Amino acid sequence: MTDILPTPYFLSPLIAAAVTLGLIVLAVLWSRRDFSTVLFSGFLVCMMLWNMLVFGLRSSPDIDYALVWDKALSVVALTTFVLYYHFTLIYTNNKGQRRILLASYLLIGLIAALIPTDLVIEGVRVEDYGYAPIMGLASYVLFPAGPLLILGGTYNLLKYYRVCSSYVVRNRLIYMVIAAVFPLIGGLLDGFTNLPPMAIWGNLVFSVLCTIAILKYHLLDIRIFVRKSLVYLLISAVVAIPYVGILFLVSEVLGRGIQTWWIYCVTLLLLAIVLRPLYGWAQNMVDRVFYRDRYGYLRALGQFSREAQSIVNLKELGFKMTRLVRGALGSTSVCLLQPSENEDGLVVVSCTGLESLVSGVIVKANSPLVKWLQSQGNILYSEQLDSIPQLQSIPYREKKELERIGAKLYVPIKTREGKLSGILVLGQKPGQQIYSSEDRELLSSIASQMAMALENARLYDSEKTMRMELEKLDEQKTEFLHSVAHELKTPLTAVISSSDILSEDSPTSHKLRERLINNIRTSAESMDKRVTELLDLAQMQIGELRVEPTPLEMSRTITRIASQLEVLFEKRNQTLTLEIPDSLPEANVDILKLEQVLFNILSNANKFSPTGSDIILRIREVDRKIIVEVEDSAPVVTEEEKEKIFDPYYRGEDSDRRNRLPGIGLGLAIAKRLVELHGGEIWVESKPGKGNTFAFSLPVSAQRTNGIQ
């Protein structure tokens with residue numbers, strides 16, 4: 001018998017046994033250590049024994065030997081299906097069906113007891129393809145148990161599929177359900193046809209698919225596979241039907257004898273021309289079926305890609321993009337992170353899906369996450385943060401911030417120069433689904449479009465900001481020129497008027513003469529002050545403003561300078577209180593420049609504080625620095641004004657106050673530069689309802705510092 005059968009007839013069970021042995025090794029080494037693994041490994045062992053028994057059956061020299069192998073095969077086959085059924089119960093956490101499971105194991109014992117008799121298998125007959133069993137009376141009752149157990153296991157998997165929330169597990173279940181179809185088909189072909197045995201191949205596919213489903217983490221999405229297959233099927237149908245129809249029509253009309261090779265070429269050329277739009281049509285048709293809930297968003301994303309280049313508002317761009325991505329992919333949240341203004345880290349600039357907008361830096365600019373995305377440029381899963389060595393050093397605070405925005409997927413947005421301009425952070429998909437390969441391709445395409453759009457918007461925003469700053473600076477300079485003209489015009493008018501009166505021949509009293517001379521002197525001093533400020537500004541801008549410091553005892557020096565300015569406060573009935581310790585360490589200062597700084601700050605306090613108010617000049621030593629503070633009663637300086645108050649030409653936001661009070665907006669700018677030339681700092685603090693405190697620091701002289709040390 002064995003001499004007349006083809007070699008594949010004997011090799012197929014050996015090949016199946018070898019493959020199954022490999023699956024057993026993989027299942028034992030790589031799967032989780034629990035009872036379901038033990039059952040699945042037992043199922044594979046029985047499947048391998050099944051293949052070996054089939055090989056023994058097919059290589060038997062006569063029907064007597066074949067009968068022995070066939071009877072043993074019956075027990076092993078049923079045991080295989082019982083173990084598979086038991087595995088599905090444990091894998092799906094099904095606590096029921098205990099009676100069915102017990103009956104299945106008892107059935108194995110019953111068949112094992114009946115095998116020596118003719119009730120299960122009476123004998124073996126020879127067919128064209130090899131040996132085939134002759135069923136006994138009991139086999140018609142006992143053998144359907146195998147397919148029923150497979151169907152029962154499939155029912156358990158489908159039942160668990162309906163309640164399972166994990167997309168990964170649901171995809172595994174689909175694989176195992178599809179795998180169960182193959183042994184059923186093989187059994188039906190072997191039982192009801194005279195075709196060569198197919199069960200062995202069905203069992204092999206069954207074993208391979210189940211093992212892959214259990215061991216592999218990222219499985220091919222069945223929906224994607226079916227979707228792409230349907231696209232190609234539609235294209236094939238659309239192309240084949242007109243092609244065959246045209247050829248049939250030509251042969252009928254022109255006759256069969258005509259040479260139609262040129263018609264074939266023309267037809268193929270025409271079909272090639274229309275194939276591309278047909279592919280797009282088929283893709284849209286299938287997308288409507290598979291992505292009914294997000295088809296509109298996918299179209300909107302396509303429209304966004306076309307329109308993004310014309311959007312120049314960064315906030316509008318970010319909001320529109322995050323909203324569309326969330327709608328298309330079904331993410332719980334989508335946030336766009338971009339560098340902060342001082343570029344010390346990435347902040348949330350736009351977000352949809354969160355209850356409240358998250359503020360503050362999410363990740364630092366030197367974070368391992370930022371560096372990895374910058375260097376690799378790949379989409380990153382949150383689970384990979386613990387598995388990639390470079391990312392395991394992410395600070396705990398940053399991990400908490402990322403958890404706060406529900407981060408599950410990180411999509412780097414990089415410019416054409418390769419610089420990381422932002423990160424698109426996506427939350428979890430519904431039902432714990434994972435992001436498929438198509439999702440990642442879509443996100444990569446969006447990131448590329450977004451990078452160009454963000455760069456265009458950033459350049460536009462930068463240019464717009466620069467233009468506004470230039471316009472503001474031009475406006476300030478214009479106002480500055482008006483102020484300078486006014487500041488010089490007023491004392492010049494007084495000088496001219498007083499000079500005219502003095503030049504008249506009519507006699508003037510001694511008191512009037514003295515008052516006119518004082519007017520001329522005061523006006524000249526005012527003009528000298530303004531001209532000095534202008535000269536200092538010019539020296540500042542060309543970098544020629546210098547100081548000549550000498551060691552000075554600060555208590556007496558500050559007290560003397562303040563006494564010279566008391567007349568300013570007496571004119572407005574203001575009180576200047578000095579809080580100066582008797583002794584302070586020496587500081588290296590330029591006495592003339594220090595007088596200029598104090599005069600500018602105290603004159604501002606005098607000018608902006610109301611009549612009859614109190615002003616305090618306080619000096620103290622902190623960390624080997626002399627701190628000079630002027631506490632006024634003026635209107636509170638806002639946070640916005642604090643950023644500009646030391647800029648040249650700046651005179652506040654209140655136009656009415658600018659018109660009422662003298663000044664050209666250079667005093668504080670010059671004071672800031674002079675303090676910095678001494679190695680100090682200047683700042684302003686405000687308390688609502690209590691005025692402002694302008695302060696500056698001067699370092700203690702090195703000689704005194706060394707003496708302390």
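Q: What makes phenylalanine 87 count as buried?
A: Its relative accessible area is 2%. Buried means under 20% relative accessible area, exposed means over 50%, and partly exposed lies in between (1.4 Å probe, protein chains only). At 2%, phenylalanine 87 is therefore buried.

Q: What kind of model is this, and how are its residues numbered?
A: The model is predicted: local features need pLDDT of at least 70, side-chain atom pairs count only at pLDDT 80 or more, and totals for chains, interfaces and linings use all residues. Residues are numbered from 1 along each chain as its sequence is written, and side-chain values use heavy atoms, with hydrogens and water left out.

Q: Why is the ring pair of phenylalanine 87 and tyrosine 91 called tilted?
A: Rings of Phe, Tyr and Trp (its six-membered ring) pair if their centres lie within 6.5 Å; planes under 30 degrees apart count as stacked, over 60 as edge-to-face and the rest as tilted. Here the centres are 5.5 Å apart and the planes stand at 35°, so the pair is tilted. Both residues lie in helix H3, 4 residues apart, about one turn of the helix.

Q: Is tyrosine 91 buried or exposed?
A: Tyrosine 91 has 10% relative accessibility, so tyrosine 91 counts as buried.

Q: What makes the pair of tyrosine 84 and phenylalanine 206 edge-to-face?
A: The ring centres are 4.9 Å apart and the planes meet at 70°, so this pair is edge-to-face. Tyrosine 84 sits in helix H3 and phenylalanine 206 in helix H8 (residues 199-215), so the pair ties together parts 122 residues apart in sequence. Both tyrosine 84 and phenylalanine 206 are buried.

Q: How many aromatic pairs does the structure hold, and which residues form one aromatic cluster?
A: There are 8 aromatic pairs. Phe40, Phe43, Tyr84, Phe87, Tyr91 and Phe206 form one cluster.

Q: How is a helix defined here?
A: Helices (H or I, at least four residues) and strands (E, at least two) are DSSP runs, numbered from the N terminus. The protein chain comes to 23 helices and 15 strands.

Q: Why is H2 called roughly antiparallel to H3?
A: Helix H2 (residues 35-58) and helix H3 (residues 63-91) pack at about 160°, with their axes 8 Å apart. That makes H2 roughly antiparallel to H3. Axes are lines fitted to C-alpha atoms, for helices over the stretch in contact, and angles run from 0 to 180 degrees between N-to-C directions. Angles under 35 degrees count as roughly parallel, over 145 as roughly antiparallel, 65 to 115 as roughly perpendicular and the rest as oblique.

Q: What is the hand of the crossing of H2 and H3?
A: H2 passes H3 in a left-handed crossing. A crossing is left-handed if the near helix is turned anticlockwise from the far one by less than a right angle, and right-handed if clockwise.

Q: How do the residues of the contact of H2 with H3 divide?
A: They divide into 22 nonpolar, 6 polar and 1 charged. Ala, Val, Leu, Ile, Met, Phe, Trp, Tyr, Cys and Pro count as nonpolar, Asp, Glu, Lys and Arg as charged, and the others, Gly among them, as polar.

Q: Why are H2 and H8 called roughly antiparallel?
A: Their axes cross at roughly 160° and come within 11 Å. H2 and H8 are therefore roughly antiparallel to each other. This crossing is left-handed.

Q: Which residues of H2 and H8 meet?
A: Contact means heavy atoms within 4.5 Å. From H2, the residues include Phe40, Phe43 and Trp50; from H8, they include Phe206, Cys210 and Ile214. By class, this contact has 10 nonpolar, 4 polar and 1 charged residues.

Q: What makes proline 133 partly exposed?
A: Proline 133 has 28% relative accessibility, so proline 133 counts as partly exposed. Proline 133 is found in strand E2 (residues 130-135). Not counting residues up to four places away in sequence, proline 133 touches Asp70, Ile121, Gly123, Val124 and Arg125.

Q: How do you know that serine 331 is buried?
A: The relative accessible area of serine 331 is 4%, so serine 331 is buried. Serine 331 lies in the loop between helix H12 (314-329) and strand E3 (334-339).
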